[in-house]
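Dear colleague,

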Amino acid sequence: MSSAPNGTPMPVLEDLDQVVALLRESEPGEELYVRWSRGPAVDLRGAERVQSSRDALTGIELPGLSANPLSVEDWWGRRPLRLWVARRLYDYCHLRELRGPGVQPWVLVGEQRGRGPDNEPLVHVHRPVAWVSERALREADRAVEEQGSTEWGPLHRAD
């Protein structure tokens, strides 16, 4: 058991292959998501355990936490699972800079409760699983950059 810089104790997925293995070994029907935040200690706090993100434009409280699904879509076919996972981690890497110190990705088991204003899943967390390490993020960046696409990048509005 390790702790992230913000002190929430959870296992750490030390590299990209460990994230891939977690997805491969997940139970049928168990939906894994990646969330970029200060962690479950912050997101799941309070007596009522209200799980809610807030729309940055309007301030409206949303019916779940914004997260990125790890489950593979059928259209992905037999392409490498490692690249799929790398892409899922890379998509929202800009949130660390946007939201400040202590923000990092963590994997959770959850249930989708709706869609947010950017069409992102809004989930209810059933169980926090693990932090994603810096090394895994660097490996994800490399895997994405190796694709050589000039038309693709993180999902950041300012880019």
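**Surroundings of serine 37**

Beyond its neighbours within four places in sequence, serine 37 is in contact (heavy atoms within 4.5 Å) with Asp43, Gly102, Val103, Gln104 and Trp106. This is a predicted model, in which local features need pLDDT of at least 70 and side-chain atom pairs count only at pLDDT 80 or more, while totals for chains, interfaces and linings use all residues. Residues are numbered from 1 along each chain as its sequence is written, and side-chain values use heavy atoms, with hydrogens and water left out.

Serine 37 belongs to strand β4, residues 32-37. Strands (E, at least two residues) and helices (H or I, at least four) are DSSP runs, numbered from the N terminus. Because its relative accessible area is 6%, serine 37 is buried; buried means under 20% relative accessible area, exposed over 50% and partly exposed in between, with a 1.4 Å probe and protein chains only. The side chains of serine 37 and tryptophan 106 are joined by a polar contact of 2.8 Å. The side chain of serine 37 also reaches the backbone nitrogen of glycine 39, at 3.0 Å. A polar contact is a pair of N or O atoms within 3.5 Å; within protein, one must be able to donate a hydrogen and the other to accept it, and residues adjacent in sequence count only if both atoms are side-chain atoms.

**The nonpolar cores**

A nonpolar core is a set of buried Ala, Val, Leu, Ile, Met, Phe, Trp, Tyr and Cys residues joined through side-chain atoms within 4.5 Å. The largest has 28 residues, of which Leu32, Val85, Leu89, Val107 and Val132 touch the most other members. At least two residues of this core come from each of α1 (16-24), β4, α3 (81-90), β7 (104-115), β8 (121-132) and α5. The most, seven residues, are given by α3. Another core, of 10 residues, lies apart from it and includes Leu44, Leu108, Val125 and Trp131.

**How the helices pack**

The axes of α3 and α5 are 8 Å apart, and the two helices pack at an angle of about 110°. Axes are lines fitted to C-alpha atoms, for helices over the stretch in contact, and angles run from 0 to 180 degrees between N-to-C directions. α3 is therefore roughly perpendicular to α5; angles of 65 to 115 degrees count as roughly perpendicular, under 35 as roughly parallel, over 145 as roughly antiparallel and the rest as oblique. By class, this contact of α3 with α5 has eight nonpolar, no polar and four charged residues. Here Ala, Val, Leu, Ile, Met, Phe, Trp, Tyr, Cys and Pro count as nonpolar, Asp, Glu, Lys and Arg as charged, and the others, Gly among them, as polar.

Among the α5 residues that meet α3 is Val144. Helix α5 covers residues 134-145, and valine 144 counts as buried because its relative accessibility is 9%.

α1 and α5 pack at an angle of about 90°, with axes 7 Å apart, so α1 is roughly perpendicular to α5. Leu16, Asp17 and Val19 of α1 make this contact with Ala136, Glu139 and Ala140 of α5.

With kind regards
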